[in-house]
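Keep the sequence at hand as you read.

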Amino acid sequence: EILYYAPYAGRLYQGTKARRDYAKEFYDKYAGKGIQSTGSVNGSAENGKNMTIIGDSITVGSKEALVKKFSDISESNIDGRVGRPWEEGNTIAESMSLKDIVVFALGTNSAGLTKAQIEETISIIGAGHTIVFVTNYDGNKQDQFTSNNNLFKEFAKSNSNILIADW
């Protein structure tokens, strides 16, 4: 089996099930905390029916919890992959039929994002959607994500359809 290190917990996990279990535990601990926005939402996220989620290992590990939390979200509208980089998220967004609210939970595998990369994502998703950027977090290497998180917040301040899930 493969060993995975969770730097924000300082723990080692063996195999993919353990990794998914840890991601679920992490999601359960932080879900719904720290949301900030100056924008507005197109559609309701309450039951998940109008939501698409594109993410990385945290999304993979929390898929079951997301389906439980958002009773009407279709599993086909949750697309996560361990180690997914930002650019792959754009490709996924181009290929999916996006719902009104698009949660883009990427960046931890792509430190040092540029304005141009985020602008491309916004363009691909489109102005008719509410975009939720999830800030990047890694407890042991948080400094490397400061620029990503600052860019997300900068775009949210100047675009009423962009929200931040800040954890």
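In which helix does Ala156 lie? Ala156 lies in helix H5. Its relative accessibility is 7%, so Ala156 counts as buried (under 20% relative accessible area; exposed is over 50%, partly exposed is in between, with a 1.4 Å probe and protein chains only). Ala156 and Phe133 are 23 residues apart in sequence, and 8.7 Å separate them in space, C-alpha to C-alpha.

A word on the source. This is a predicted model, where local features need pLDDT of at least 70, side-chain atom pairs count only at pLDDT 80 or more, and totals for chains, interfaces and linings use all residues. Residues are numbered from 1 along each chain as its sequence is written, and side-chain values use heavy atoms, leaving out hydrogens and water. Helices (H or I, at least four residues) and strands (E, at least two) are DSSP runs, numbered from the N terminus.

Now turn to H4, residues 115-125. Its buried residues are Gln117, Ile118, Thr121, Ile122 and Ile125. Seen down the axis of H4, they fall within an arc of 140°, so they line one face of the helix (the arc is that of the directions from the helix axis to the C-beta atoms). The face turned away from this buried side carries Ala116 and Ser123, both exposed. The buried residues of H4 pack against H3, strand S6 (101-105), strand S7 (130-134), H5 and strand S8 (162-165); contact means heavy atoms within 4.5 Å. After H4 comes Gly126, with a positive phi near 100°.

Take H3 next. The axes of H3 (residues 86-95) and H4 come within 9 Å and cross at roughly 15°. Axes are lines fitted to C-alpha atoms, for helices over the stretch in contact, and angles run from 0 to 180 degrees between N-to-C directions. H3 and H4 are therefore roughly parallel (under 35 degrees; over 145 is roughly antiparallel, 65 to 115 roughly perpendicular, and the rest oblique). On the H3 side, Trp86, Glu87, Asn90, Ala93 and Glu94 make the contact; they meet H4 residues including Ile118, Thr121 and Ile125.

H5 (residues 146-158) is set at another angle. The axes of H4 and H5 come within 10 Å and cross at roughly 50°. H4 and H5 are therefore oblique to each other. Lys115, Ile118, Glu119 and Ile122 of H4 contact Leu151, Phe152, Glu154 and Phe155 of H5.
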